[in-house]
Amino acid sequence: SIPKYVVLTKRLKKVIIRAIKYIIGTLKVSDFKVLGTEIEFAEGKRYEPIKIQLENNKQVEIIGKIDRIDIAENKKGKYIRIIDYKSSIKNIDLNEVVAGIQIQLLTYLDAVSKKENANLAGALYFSLIEPVIKAKNKNLSEEELEQEIRNNFKMNGLILGDVEVIKMMDKTLTTGNSNIIPAYIDKEGNVSKNKPSILEREDFIALQNKVERVIKEIAQEIMSGEIGQKPTYSLKNKHTACEFCSYKSICGFDSKISNNKYNYIPNLKKEEILNKLKED
């Protein structure tokens with residue numbers, strides 16, 4: 001009821017309405033249809049818990065929820081993609097995936113594709129944000145302004161580098177950059193494989209195998225009572241999780257102590273990461 005929250009509520013409504021507009025817009029130009037929203041992985045729900053068999057003959061069950069699952073079909077078969085809504089700009093960093101930090105979407109994608117007997121199409125984030133338009137020329141036309149706003153709502157993540165599947169996601173795309181997914185098609189009609197977002201089928205499989213190994217490692221550490229300090233350290237920006245931690249005095253982590261080691265997030269290019277995964 002106070003003025004501050006009246007203003008915040010109005011801004012929130014504005015952001016939600018605008019986001020819904022662009023979500024509907026992406027569905028109108030896509031062959032992918034919504035299979036479900038707020039899908040739970042749990043006993044008695046649409047999907048059973050994700051079950052991981054450990055080497056010690058014990059089994060781990062993972063429960064959770066995914067915001068949206070889409071499905072499409074062509075002559076090659078069915079394709080699944082999952083979409084997670086975020087209140088900030090988010091992307092999938094393969095370096096964080098291999099470090100075991102960002103494995104949620106790939107875990108769900110793997111599970112759903114197996115349940116639905118479908119091919120992997122992508123794992124994407126849709127940012128529910130209030131777009132801020134920065135332009136040198138302040139006299140933007142309505143059309144130019146609309147395009148700038150649309151660019152802010154463009155999804156990020158990983159998608160299959162199959163031109164047919166990409167055009168199923170964006171039926172308006174012929175050449176150039178897509179307005180709704182992180183993909184580029186050149187003048188010859190080929191998908192640009194240089195984009196960090198584009199993966200081949202075998203790349204997705206390699207990532208799936210890596211994620212499963214990471215989950216097993218984490219599960220075994222939990223079962224063995226392992227609770228050692230192991231904060232992340234990004235080799236890309238030289239930042240550590242300790243910088244913004246409120247519990248440093250309790251944790252007592254110090255890299256100078258022999259038993260205290262960082263969980264290093266590498267700074268490798270996509271090709272380097274994928275080659276390393278295939279070797280493993």
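Asp-31 is partly exposed in this predicted model, its relative accessible area being 35%. Its salt-bridge partner is Lys-171, with 3.7 Å between the closest N and O atoms. Because Lys-171 sits in the loop between α5 (163-169) and β8 (176-177) and Asp-31 in the loop between α1 (3-28) and β1 (33-41), this pair ties together parts that are 140 residues apart in sequence. Lys-171 is likewise partly exposed, at a relative accessible area of 46%. The structure as a whole holds twelve salt bridges, and some of them are set out below.

**A pair between two helices**
- Lys-278 and Asp-203 meet through their side chains in a salt bridge, with an N to O distance of 2.9 Å.
- This pair links distant parts of the chain, since Lys-278 belongs to helix α8 (residues 270-279) and Asp-203 to helix α6 (residues 201-223), 75 residues apart.
- Asp-203 counts as buried at 6% relative accessibility, whereas Lys-278 is partly exposed, with a relative accessible area of 45%.

- Asp-110 forms a salt bridge with Lys-114, in which the closest N and O atoms are 3.3 Å apart.
- Both residues of the pair, Asp-110 and Lys-114, lie in helix α3 (residues 104-115), where four residues, or about one turn of the helix, separate them.
- Asp-110 is buried, with a relative accessible area of 14%, while Lys-114 is exposed, with a value of 58%.

**A network**
- Salt bridges also link Arg-68, Asp-70 and Arg-81 in a network.

Methods: Residues numbered from 1 in each chain as written. Predicted model: local features only at pLDDT ≥ 70, side-chain atom pairs only at ≥ 80, totals over all residues. Heavy atoms only, no water. Salt bridge = Lys/Arg side-chain N within 4 Å of Asp/Glu carboxyl O. Buried < 20%, exposed > 50% of the residue type's maximum accessible area, 1.4 Å probe, protein only.
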